[in-house]
Amino acid sequence: MELLTQNSKIKKTSREFGVRLYNFGITAYKSQSGKLTCPFADKCIKYCYAQKGAYSWSNVKPAFERRYELTKTDDFIDAMSKEIDKKRPDFVRVHDSGDYYSRKYRDKWFRIMDKYHNVKFYSYTNSIPLFRDEQLPDNFDTIYSDGGKLAHTIDKQTERHSVVFDNEKDLNEQGYTDASKYDLHATKWFTKNTKIGLIFH
């Protein structure tokens, strides 16, 4: 089972920046068994790209489900470590689909990040309570999403966050950095601006 893959945006970003960028995803919003994989999701459910297009193909959805099931096991850290050793990424986007569904699961990623200081990890997330006021790994960046149940708690002047816009004009006028084309523009390593904009598609 491949754990680190590249969707079209990740491939485009990799080529543009000349880096090895991969993404990891699990089932979006809710697993086949009914377990919430995005426990803090709210309005984002309606426009979630991870439930559309290629993500919804019959041969793709089972792969996300298998990855989700793996994350619940004690084998996940070793399996991900082997994948990182194999693919040698410079950057890993954790969750192009799904989110951190528990503190225990988050801690597994923290252990992986601590093991690979040379790799930079980042996530868009609605699971704000799992990260705010926590000591985060130096090689990890979070972008709080504006579509979750706790979006109203985001300090939009100081906390890195993303907002979905209908068009580029509105995005620019409100002082957001456009990360629609190149994913790494959302991260602290490429953008000092904490206001990250995405255009609805």
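Visitor: What is the strand order in the open sheet?
Guide: In this predicted model, the open sheet has 7 strands in the order E1-E2-E3-E4-E5-E7-E6, and the pairing is parallel.

Visitor: And which strands stand at the edges?
Guide: E1 and strand E6 (177-178) do; each has a single partner strand, so one side of each lacks a neighbour in the sheet.

Visitor: How many bridges join E6 to E7?
Guide: There are 2 bridges between E6 and strand E7 (residues 195-199), and the two run parallel. Asp178 stands opposite Gly197 in E7.

Visitor: Which strands does H5 touch when it packs on the sheet?
Guide: H5 touches E1, E2, strand E3 (120-125) and E4, and its direction makes about 155° with that of E3.

Visitor: Moving to E4, how many of its residues are buried?
Guide: E4 is mostly covered, with 6 of its 6 residues buried. Phe140, Thr142 and Tyr144 point one way, while Asp141, Ile143 and Ser145 point the other way.

Visitor: What joins E4 to E3 and to E5?
Guide: E3 and E4 run parallel and are joined by 5 bridges. Within that pairing, Ser123 has Thr142 of E4 as its bridge partner. E4 and E5 also run parallel, joined by 2 bridges, and the partner of Ser145 in E5 is Ser162.

Visitor: Why does Ser145 count as buried?
Guide: Its relative accessibility is 16%, and the cut-off for buried is under 20%, so Ser145 counts as buried. Leaving aside neighbours within four places in sequence, Ser145 is in contact with Tyr124, Thr125, Asn126, Ala151, Ile154 and Ser162.

Visitor: Is Gln157 buried or exposed?
Guide: Gln157 counts as exposed because its relative accessibility is 64%. This residue is found in the loop between E4 and strand E5 (161-165). Gln157 and Asn193 are 36 residues apart in sequence, and their C-alpha atoms are 9.7 Å apart in space.

Visitor: A change of topic: which residues of the largest nonpolar core touch the most other members?
Guide: They are Phe24, Met80, Tyr100, Trp109, Ile112 and Phe121, out of 29 residues in that core. Two or more residues each come from strand E1 (21-24), helix H3 (61-71), helix H4 (76-87), strand E2 (91-94), helix H5 (103-115) and E4. H5 gives the largest share, 5 residues.

Visitor: What lies apart from that core?
Guide: Another core of 12 residues does, and its members include Phe91, Tyr124, Ile143 and Ile196.

Visitor: What is Phe121 in contact with?
Guide: Beyond its neighbours within four places in sequence, the contacts of Phe121 include Ile84, Val92, Val94, Trp109, Ile112, Met113 and Trp189.

Visitor: Which residues of H3 are buried, and what covers them?
Guide: The buried residues of H3 are Ala63, Phe64, Glu65, Arg67, Tyr68, Leu70 and Thr71. Their cover includes E1, H4 and H5.

Visitor: Lastly, at what angle do H4 and H5 pack?
Guide: They pack at about 40°, with their axes 10 Å apart, and the crossing is right-handed. H4 contributes Phe76, Ile77, Met80, Ser81 and Ile84 to the contact, and H5 contributes Tyr105, Lys108, Trp109, Arg111, Ile112 and Lys115.

Visitor: How do those contact residues divide into nonpolar, polar and charged?
Guide: In the contact of H4 with H5 there are 7 nonpolar, 1 polar and 3 charged residues.

Key:
Residues numbered from 1 in each chain as written. Predicted model: local features only at pLDDT ≥ 70, side-chain atom pairs only at ≥ 80, totals over all residues. Heavy atoms only, no water. Buried < 20%, exposed > 50% of the residue type's maximum accessible area, 1.4 Å probe, protein only. Contact = heavy atoms within 4.5 Å. Core = buried A, V, L, I, M, F, W, Y, C linked by side-chain atoms within 4.5 Å. Helix = DSSP H or I, 4+ residues; strand = E, 2+ residues; numbered from the N terminus. Pairing = 2+ DSSP bridges. Axes fitted to C-alpha atoms, helices over the stretch in contact; angles between N-to-C directions. Left-handed = near helix turned anticlockwise from the far one by under 90°. Nonpolar A, V, L, I, M, F, W, Y, C, P; charged D, E, K, R; others polar.
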